[in-house]
Protein chains: 2
Amino acid sequence: MPGNSTVLQQKSDCMTCSFRELCLPVGLTDEEIEYLGNLINYKFKVRRGEYLSHAGSDFKSLYAVKNGSFKTCVLKVDGRQQVTGFYMTGELLGLDAISPEKHTCDTVALVDSEVCEVPFKKLEEIGQNIPSLMSQLHKIMSREIVQDRGVMMLLGSMRAEERLAAFLLNLSTRLARRGYSPTDFILRATREDIGSYLGLKLETVSRSFSKLQEEGLITVNIKHITLHDVDKLNLRIGNSAD
Amino acid sequence: MPGNSTVLQQKSDCMTCSFRELCLPVGLTDEEIEYLGNLINYKFKVRRGEYLSHAGSDFKSLYAVKNGSFKTCVLKVDGRQQVTGFYMTGELLGLDAISPEKHTCDTVALVDSEVCEVPFKKLEEIGQNIPSLMSQLHKIMSREIVQDRGVMMLLGSMRAEERLAAFLLNLSTRLARRGYSPTDFILRATREDIGSYLGLKLETVSRSFSKLQEEGLITVNIKHITLHDVDKLNLRIGNSAD
DNA sequence: CGACTAATTGACTGTGTTCAATGAGTGTGG
DNA sequence: CCACACTCATTGAACACAGTCAATTAGTCG
């Protein structure tokens, strides 16, 4: 049973999951998915603000976000805290914990959410017989590395407004892949969380939102964001517009 | 043949490699290492300043650093460049390329170096029969994620001197694991590379070195660094001293 | 030795932080 | 239903840290 999350176990089912094309089952045959489904036995509900896992706790399972949204964050002994990632539907939580066999961060639900538990040892076991499952795991881990590199780029070489633009574009892309509007969405995180993730203070995040709005690139209504010119936003952060 | 590196192919041999306890063979039986050795056929020499791989090029193999030192860096269309990582003996290059199947960064030798080529498809294949090899790969990838998270922490919430202290401590730990002095070492990277990695300008890196030296925590002699008080350095970056 | 590249240091500038006040939104209880 | 408390967001003014520009020194390689 993870953290202090509300446990409401229920049989999970990859076959009927509408997000299996985003998650571990990618590239598997129906038969293989059935097999994987036997591994992924349970899904949990985690209510807004509750912890799915705590830094330092033992690692046993990965968690696939079935629906909802999470942040991961690290709290250092001197009180400094930092958000290290945001996770949405179909994304895999806990990859950082594999090597130390301890969770390295707290994982908190930003909205009422559900996760599917993936016991890691068992995943490696059945992976022996399903090559494409292993491949998919490797790709997911690689993607996590690429994503983190992107954040490093952002933190290391972008100014406040650029960081925020990059963050919004990243959300936009991920939402689009899930069938949501890439230009009109609701932020789940507070200004403080966003700031922490982007290496900025919440006031700077707020000011940057206002600046981007003044420039006509976005509209901000507290948590409701509309992107007006994705190409210009991309140019702003040093990507080609295509 | 990777990048424009000097190709001097030679049979590689994990069995006799003094760094196998840091690298992919960790936890494998002699028999399994023999098997792995058949996969890792060649090692390449890459001279200082030469590229092992270029961003955008096709991904076929991981490269294990046999000896020497590398940096990975990304160059954006607008000219911004950033160093995303430093790699030393026993570490695995190219994990970011698995998912996109293209290299996402340039990999450059900081000193004359050697790498062992690990064809990735084949690695996944023989991993089917050697569970501990797959586990080790997962641990290495997970460790890369943890390492990157550390850099994100650093970039997101530390000031210049703290960043530099964290960088030096990280190097120190990795060198110690390789049997080198953790308190007395030679930097392979320039101030500019270090700055790029830490999200600072080279002048700021230089000033931070001087500050830490004035405080008596380190001695700096261009590339030769001596750490005088690892505990205090750790406290400085919000780690407990133990 | 001369031509490089790399590193240090100083003076000034600018971006983001800090501190503070205000406003908007939400939930609770009288 | 409204008052109150609370959290979250916005905005302003002063300040600090790192960036920029520039000059100098140290080190390296042909």
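Q: Is Cys14(B) buried or exposed?
A: In this predicted model, the relative accessibility of Cys14(B) comes to 9%. Since a residue counts as buried when that value is under 20%, Cys14(B) is buried.

Q: How many disulfides does the structure hold over all chains?
A: A disulfide needs two cysteine sulfur atoms within 2.5 Å, and the sulfur of Cys14(B) is 6.4 Å from the closest cysteine sulfur, that of Cys116(B), which is too far for a bond. The sulfur of Cys23(B) is likewise too far for a bond, because its closest cysteine sulfur, in Cys17(B), is 6.7 Å away. Over all chains, the number of disulfides is zero.

Q: Which element of chain B gives the most residues to the side that touches chain A?
A: The contact between the chains takes 51 residues from chain B and 51 residues from chain A, and it includes six salt bridges between chain B and chain A. On the side of chain B that touches chain A, the elements giving two or more residues are strand 6 (81-88), helix 2 (120-127) and helix 3 (131-157) of chain B. With 20 residues, the element that gives the most is helix 3 of chain B.

Q: How much area do chain B and chain A bury between them?
A: The size of an interface is often given as the accessible area lost when the parts come together. For chain B and chain A, 56% of this buried area is on carbon and sulfur atoms, and the area itself is about 4,300 Å².

Q: Which residue of chain A forms a salt bridge with Glu144(B)?
A: Side chains of opposite charge can pair when their charged atoms come close. In the salt bridge of Glu144(B), the closest N and O atoms are 2.6 Å apart, and the partner is Arg149(A).

Q: How many residues apart in sequence are the parts that Lys71(A) and Asp193(A) tie together?
A: Lys71(A) and Asp193(A) form a salt bridge whose closest N and O atoms are 3.0 Å apart. Lys71(A) is buried at a relative accessible area of 13%, and Asp193(A) is buried at 11%. Because Lys71(A) lies in strand 5 of chain A and Asp193(A) in helix 5 of chain A, the pair ties together parts whose separation in sequence is 122 residues.

Key. Residues are numbered from 1 along each chain as its sequence is written. Chains are lettered from A and ligands numbered from 1 in the order in which they are written. This is a predicted model: local features need pLDDT of at least 70, side-chain atom pairs count only at pLDDT 80 or more; totals for chains, interfaces and linings use all residues. Side-chain values use heavy atoms; hydrogens and water are left out. Buried means under 20% relative accessible area, exposed over 50%, partly exposed in between (1.4 Å probe, protein chains only). Contact means heavy atoms within 4.5 Å. Buried area is the accessible area (1.4 Å probe) that two parts lose on being put together, summed over both. A salt bridge is a side-chain nitrogen of Lys or Arg within 4 Å of a carboxyl oxygen of Asp or Glu. Helices (H or I, at least four residues) and strands (E, at least two) are DSSP runs, numbered from the N terminus.
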